[in-house]
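User: I have a sequence and a model open side by side. Can you walk me through the fold?

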Amino acid sequence: MINYVLLVFAIGALGGLVLAAHVLRGKFAPWALSLLHALLGAIGLVMLILMLAQGDTPQRVVIGFVLLLIAALGGFFLASFHLRKQLPPKAVVVVHASVAVIGFLTLLSMVL
């Protein structure tokens, strides 16, 4: 199941790169892509919750989940700027992406 989780997050991350590129250039990100990015992140988190609920999950999965959950909270914060028709702070975009990448790499270390 970890492979499917990684695939979902990887596809979501591609959308995240496009979103971040828009914001870092001072432009609003496409709302539809933002929603797809959020949906893929939510699906990945639900899949991780299902893995955790099965028990006997390696600690790296728990750490990856916590990091990605923190990144998701940052994503909600970023979306709140979009809803207010304001560009989010670039530093928050970078922190959100960095935490998500670290969480993803933590999960990826399970299969390498």
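Analyst: First, a term. Helices (H or I, at least four residues) and strands (E, at least two) are DSSP runs, numbered from the N terminus. On that basis Met 1 sits in the segment before H1.

User: What kind of model is this, and how are residues numbered?
Analyst: It is a predicted model: local features need pLDDT of at least 70, side-chain atom pairs count only at pLDDT 80 or more, and totals for chains, interfaces and linings use all residues. Residues are numbered from 1 along each chain as its sequence is written, and side-chain values use heavy atoms, with hydrogens and water left out.

User: How many helices and strands does the protein have?
Analyst: Four helices and zero strands. Along the sequence the pattern reads α-α-α-α. The radius of gyration is 14 Å, close to the 13 Å that the globule rule gives for 112 residues, so the protein is as compact as a globular protein of that length. That radius is taken over C-alpha atoms, and the rule is 2.2 Å times the number of residues to the power 0.38.

User: What box do the C-alpha atoms fill?
Analyst: Roughly 45 × 20 × 20 Å, taken along the principal axes.

User: What share of the residues is buried?
Analyst: Buried residues make up 33% of the 112. Buried means under 20% relative accessible area, exposed over 50%, partly exposed in between (1.4 Å probe, protein chains only).

User: On to H1. What span should it have, and what does it have?
Analyst: Its 23 residues should span 33 Å at 1.5 Å a residue, and the end C-alpha atoms are 31 Å apart, which agrees. The expected span is 1.5 Å times one less than the number of residues.

User: Which residues of H1 are buried?
Analyst: Among them are Ile 2, Val 5, Phe 9, Gly 12, Gly 16, Leu 19 and His 22. The buried residues of H1 pack against H2, H3 and H4. Just after H1, Gly 26 takes a positive phi of about 80°.

User: What does Leu 19 touch?
Analyst: Leaving aside neighbours within four places in sequence, Leu 19 is in contact with Ala 29, Pro 30, Leu 33, Ser 34 and His 37. Contact means heavy atoms within 4.5 Å. Leu 19 counts as buried because its relative accessible area is 10%. Leu 19 and Ser 34 are 15 residues apart in sequence and 7.0 Å apart in space, C-alpha to C-alpha.

User: Now H2. Where does it run, and which of its residues are buried?
Analyst: H2 covers residues 31-53. It reaches 33 Å from its first C-alpha to its last, close to the 33 Å expected. Its buried residues include Ser 34, Leu 40, Gly 44 and Met 51. What covers the buried residues of H2 includes helix H1 (2-24), helix H3 (59-83) and helix H4 (90-108).

User: Which residues make the nonpolar surface patch?
Analyst: Met 1, Val 46 and Leu 50, at about 270 Å². Patches are made of residues with over 30% relative accessible area and no salt bridge; like charges are joined within 9 Å, and nonpolar side chains (Val, Leu, Ile, Met, Phe, Trp, Tyr) within 5 Å. A salt bridge is a side-chain nitrogen of Lys or Arg within 4 Å of a carboxyl oxygen of Asp or Glu. Met 1 counts as partly exposed because its relative accessibility is 44%.

User: Switching to backbone. What is phi at Asp 56 and Lys 85?
Analyst: Phi of Asp 56 is positive, near 55°. Asp 56 lies in the loop between H2 and H3 and is exposed at 81% relative accessibility. Phi of Lys 85 is also positive, near 60°. Lys 85 is in the loop between H3 and H4, exposed at 69%. Most residues other than glycine have a negative phi.

User: Last one. Where is Met 110, and what does it contact?
Analyst: Met 110 is in the segment after H4. Leaving aside neighbours within four places, it contacts Ile 2, Pro 58, Arg 60 and Val 61. The C-alpha atoms of Met 110 and Ile 2 are separated by 8.0 Å, though the two are 108 residues apart along the chain.

Methods: Areas by Shrake-Rupley, 256 points an atom, 1.4 Å probe, with all protein chains shown as cover.
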